[in-house]
Amino acid sequence: IGDIMEETGALIRKRRATISTGKCVPLKQVNGRSEVDESVNGRSDSGNIVTKRNVSDLPSTTSKERKKRINVPSDRQSCHRLQESLLSSASGYRNYRGVLNWCVVMLVLSNARLFLENLLKYGILVDPIQVVSLFIKDPYNMPAACLVIVSNVFIVAALYTERRLSVGCFSERVGLLVHSINLSVTLCFPVTIVLMLKSITPVGGASALGVYTVLFLKLYSYKDVNKWCREMSHAKARSLARSLSCKSSVSTDYQVSYPGNVTLRDLYYFVFAPTLCYELNFPRSPRIRMSFLLRRLFEMVSSWMIPIIQSSMKPLEDMDLPMMMERLLRLAVPNHLLWLIFFYWFFHSSLNFIAELLQFGDREFYRDWWNSETITYFWQNWNIPVHKWCLRHFYKPLLKSGVSKWLGQSAVFLASAFFHEVRFLGLQLPLAWFVARFLRGNYGNAAVWLSLIIGQPIAVLMYVHDYYVLHYREGSAGGGPE
C-alpha cells in the first residue's frame with residue numbers, strides 16, 4: 001500500500017508541474033530525445049508562442065489508467081494465467097520424446113527379464129544349424145539361390161526388347177507382346193518351381209518369390225517409362241530429360257536422354273536401386289558416407305530374431321478355440337515386435353544401406369504410418385516404393401482411360417491383395433470401412449495398431465499351420481518328417 005501511495009503522489013506532483021494547452025502538439029527529435037512544443041518560448045509556423053519540454057515530463061497515463069493500475073496487482077504479485085495442462089489435447093503440446101524414451105527403456109527391461117527367465121528355464125533354444133537350415137537344406141543343393149540367378153534371363157530379355165524398340169526393329173505392338181510374355185513368365189515361373197521342388201526351404205522359397213515380385217514391378221516400370229520417352233521423342237524429336245513423373249531438384253553434371261539410357265549398366269543400376277519406379281536420371285548423393293554405411297550394416301546384421309511357435313500347432317490342429325485364443329494372444333506381442341524389427345531392418349537399415357552404396361538420393365521409403373487414423377492411410381504410407389508404383393503405373397493410367405476414382409482405388413486394392421495376402425487383406429476391408437466411418441483421432445489410431453498387433457499373428461499362424469500339416473503331420477504319419 002505504501003508503494004502504491006508513493007507512486008500516486010509522484011504522479012500528482014508531476015501533473016501539477018505540467019503546462020498543458022489542451023491542444024495536440026507535435027513531437028520533435030532532438031539529440032535522440034523526443035520533445036513536445038508547448039506555448040512558452042518561441043513561435044510555431046502558425047505564429048503561436050511555443051516552448052520545448054521533454055515528453056518524459058508529460059503524464060504517461062490517464063486517470064482511468066491510474067485507477068486501473070492501482071487496483072491491478074503487479075507482476076510480482078500475479079503468478080497465474082489462463083492455460084491448459086500439458087497432457088490435455090487443447091494445450092497443443094506435442095513433444096513426447098521423453099515418454100517415448102521411457103517406453104523404450106521399459107520395453108528393453110521387460111524383454112531382458114523374459115529373456116533371462118527363458119534362458120534359465122529352458123537354456124539356449126536357438127540352434128545355429130537349425131537357423132541355417134531355414135535357408136539351405138543341402139549346401140550342395142541350393143535351388144532358391146539358383147532361382148534368383150536365373151532372374152537375369154528376364155532382365156536381359158527386357159533390355160533386348162527395349163533396344164529393338166529404340167532402333168525401330170520392333171513395332172510398339174510387337175514390343176508390347178514380347179514384354180507381356182516376359183512379365184508373365186517372370187511371375188509364373190518362380191511359383192511353379194517353388195511348388196514343384198520339395199528340396200526348397202520355406203524361407204528360401206519366400207525370398208526367391210519376393211525377388212521375382214520386385215523384379216516384375218521394376219521391369220513393368222522400365223517398360224512404361226521407355227514407352228513414354230519414345231512417345232515424347234516422336235512428338236518433339238528432341239532428347240528428353242531424365243525424370244517424367246517428377247522433376248529432380250538435384251543438379252547433376254551428366255544427364256542421360258533416350259535412347260542413351262537403354263544400356264546394361266543403366267538397367268542393372270535400376271534393378272539394385274531401392275525403388276520400383278524407373279527414371280532416366282535418378283537424384284544422386286554427392287558421395288558415400290562410410291560412417292552412415294557402417295551403421296546401417298551393423299543394424300542389418302544385429303536385427304535378426306527367430307520366433308518359437310511350435311507350441312501353437314497342437315491347438316490349431318485340434319481346433320481348440322480357447323487354446324487358440326490363448327496362443328494367439330501370447331504370439332501377438334512377440335510377433336508384432338518382430339514385425340517392427342523387420343520394418344526397421346528392411347525399410348530403414350537395408351534400403352538406406354543400398355541407397356548409400358549406390359549414391360541413390362531419394363530416401364523416402366516410408367512416412368509416418370504410426371500416426372495413421374485409418375487403415376487406408378496406413379497402407380498408403382508404410383511402403384512408399386510400392387505406393388509410388390501403384391500411383392504412377394496403375395492408378396493414374398486407369399483415371400486417364402476414363403475409370404472413376406472409386407473403381408481405380410478398388411483395382412489398386414485388389415492388386416495389392418494379389419501381391420500380399422488375400423485372406424489377410426480380406427479381413428482388412430470391413431475393418432477399414434468401420435474405422436473410416438465411425439472412428440477418428442486417437443480412437444482410429446488405436447484401432448489401426450490393434451489390427452496390426454492382432455491381425456498379423458493370425459496370418460502367421462495360418463501359414464505355419466498349413467506348412468506344419470503338409471510336411472510334419474504327413475511325415476509323422478509316414479514314419480518321420482520329410
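**View 1. Asn 182 sits in helix 7 (residues 172-196).** Helices here are DSSP runs of H or I with at least four residues, numbered from the N terminus, while strands are E runs of at least two. This is a predicted model, so local features need pLDDT of at least 70 and side-chain atom pairs pLDDT 80 or more, while totals for chains, interfaces and linings use all residues. Residues are numbered from 1 along each chain as its sequence is written, and side-chain values use heavy atoms, with hydrogens and water left out. Is Asn 182 buried or exposed? Asn 182 is buried, with a relative accessible area of 10%; buried means under 20%, exposed over 50%, and partly exposed in between (1.4 Å probe, protein chains only). A polar atom of its side chain lies 3.2 Å from the backbone oxygen of Phe 154. Setting aside neighbours within four places in sequence, Asn 182 touches Phe 154, Ala 157, Ala 158 and Leu 219, where contact means heavy atoms within 4.5 Å.

**View 2. Helix 5 (residues 143-150) packs with helix 6 (residues 152-166).** The angle is about 5° and the axes are 4 Å apart. Axes are lines fitted to C-alpha atoms over the stretch in contact, with angles running from 0 to 180 degrees between N-to-C directions. That makes the two helices roughly parallel, the word for angles under 35 degrees. Val 148, Ile 149 and Val 150 of helix 5 meet Asn 152, Val 153 and Phe 154 of helix 6. The residues of this contact split into five nonpolar, one polar and no charged. Nonpolar covers Ala, Val, Leu, Ile, Met, Phe, Trp, Tyr, Cys and Pro; charged covers Asp, Glu, Lys and Arg; the others, Gly among them, are polar.

**View 3. The largest nonpolar core has 51 residues.** Such a core is a set of buried Ala, Val, Leu, Ile, Met, Phe, Trp, Tyr and Cys residues joined through side-chain atoms within 4.5 Å. Those with the most contacts inside it are Tyr 222, Leu 267, Tyr 278, Trp 369, Phe 378 and Trp 382. Helix 8 (residues 202-236) gives the largest share, nine residues.

View 4. Pro 259 is in the loop between helix 8 and helix 9 (264-272).

**View 5. Gln 359 has a positive phi of about 55°, although it is not a glycine.** Look for Gln 359 in the loop between helix 12 (321-358) and helix 13 (375-381). Gln 359 is partly exposed, at a relative accessible area of 22%.

How values were computed: Angles under 35 degrees count as roughly parallel, over 145 as roughly antiparallel, 65 to 115 as roughly perpendicular and the rest as oblique. A polar contact is a pair of N or O atoms within 3.5 Å; within protein, one must be able to donate a hydrogen and the other to accept it, and residues adjacent in sequence count only if both atoms are side-chain atoms.
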